[in-house]
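The following briefing concerns the structure shown below.

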Amino acid sequence: GREYLAEAMQVARRQADIPLAEAVWARLAPKPGLDDPLFLNFVDLLLQTGEVSRAMELWAERDPDFRPGRLVNGDFSRPLGAPLALNWRINRLPPGVRAERDVDEAFAEPASLRVSFNGKENVHLGEPWIRIPVEPGQHYRISGAWRGEALTTRSLPYWYLTAEQGELRERKAVPGARFGWERWQIEFQAP
């Protein structure tokens, strides 16, 4: 049954067992949707093992807004979802930090991602983060807008772009402790 298949998919992901995951996927009827943990575990495994094309094919079948080379859910039009596959990772935030989808304050509709600090903790923030599948050797530009208010640490927040395979490290720091909506961008060539 489905419960058994869901558990088998989790085992396949933990053990990086593609044949088991493919066997589970073949037995699923109907196929799970975009927010189903079974689907997310399968795509996460495919991404972890370098099967990026297969992962993108499956994601594109379920996400009508998916565009290759673009940030998935970059406009925050849907909830953030479970922290797997191409969803935003916000499940391991340090104490004193909250990250959530914000429909009240956004540079562009429909929403933004709000990261809030309680001001009592000195944090090393490795989240939120997200995977962006890209084609090797291609040029890309990642861009967005951010704003800040009452940031109190000497080490202010920044975007950090890395490649899972290759020597790519780009950093874009916020312009100060308090600023209105400002556009930013990082251009890079995928390794």
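This is a predicted model: local features need pLDDT of at least 70, side-chain atom pairs count only at pLDDT 80 or more; totals for chains, interfaces and linings use all residues.

Residues are numbered from 1 along each chain as its sequence is written, and side-chain values use heavy atoms, with hydrogens and water left out.

**Overall organisation**

- The protein contains 4 helices and 6 strands, where helices (H or I, at least four residues) and strands (E, at least two) are DSSP runs numbered from the N terminus.
- Along the sequence, these elements follow the pattern α-α-α-α-β-β-β-β-β-β.
- Taken along the principal axes, the C-alpha atoms fill a box of roughly 55 × 35 × 30 Å.
- Of the 191 residues in the protein, 33% are buried (buried means under 20% relative accessible area, exposed over 50%, and partly exposed in between, with a 1.4 Å probe and protein chains only).
- Among contacts (heavy atoms within 4.5 Å) with a separation of 6 or more, 58% are between residues 24 or more positions apart.

**Nonpolar cores**

- The largest nonpolar core has 26 residues, and those with the most contacts inside it are Met9, Trp25, Phe39, Phe42, Val43 and Trp59; such a core is a set of buried Ala, Val, Leu, Ile, Met, Phe, Trp, Tyr and Cys residues joined through side-chain atoms within 4.5 Å.
- At least two residues of this core come from each of helix 1 (2-15), helix 2 (18-27), helix 3 (37-48) and helix 4 (52-62).
- Helix 3 gives the most to this core, with 8 residues.
- Another core, of 12 residues, lies apart from it and includes Tyr140, Ile142, Val174 and Trp184.
- Valine 43 is in contact with Ala55, Trp59 and Ala85, leaving aside its neighbours within four places in sequence.

**Helix 3**

- Because 10 of its 12 residues are buried, helix 3 is largely enclosed by the rest of the structure.
- The cover over its buried residues includes helix 1, helix 2 and helix 4.
- From first C-alpha to last, helix 3 reaches 16 Å, close to the 16 Å expected at 1.5 Å a residue; the expected span is 1.5 Å times one less than the number of residues.
- Aspartate 36 caps the N-terminal end of helix 3, with a side-chain oxygen 2.7 Å from the backbone nitrogen of leucine 38.
- Just after helix 3, glycine 50 takes a positive phi of about 85°.

**Arginine 89**

- Arginine 89 is found in the loop between helix 4 and strand 1 (97-102), and is buried, with a relative accessible area of 6%.
- The side chains of arginine 89 and aspartate 44 are joined by a polar contact of 3.0 Å (a pair of N or O atoms within 3.5 Å; within protein, one must be able to donate a hydrogen and the other to accept it, and residues adjacent in sequence count only if both atoms are side-chain atoms).
- Leaving aside neighbours within four places in sequence, the contacts of arginine 89 include Glu127, Pro128, Trp129 and Arg131.

**Glycine 126**

- Glycine 126 lies in the loop between strand 2 (112-117) and strand 3 (139-148), and is exposed, with a relative accessible area of 53%.
- The C-alpha atoms of glycine 126 and alanine 29 are separated by 37 Å, the two residues being 97 residues apart along the chain.
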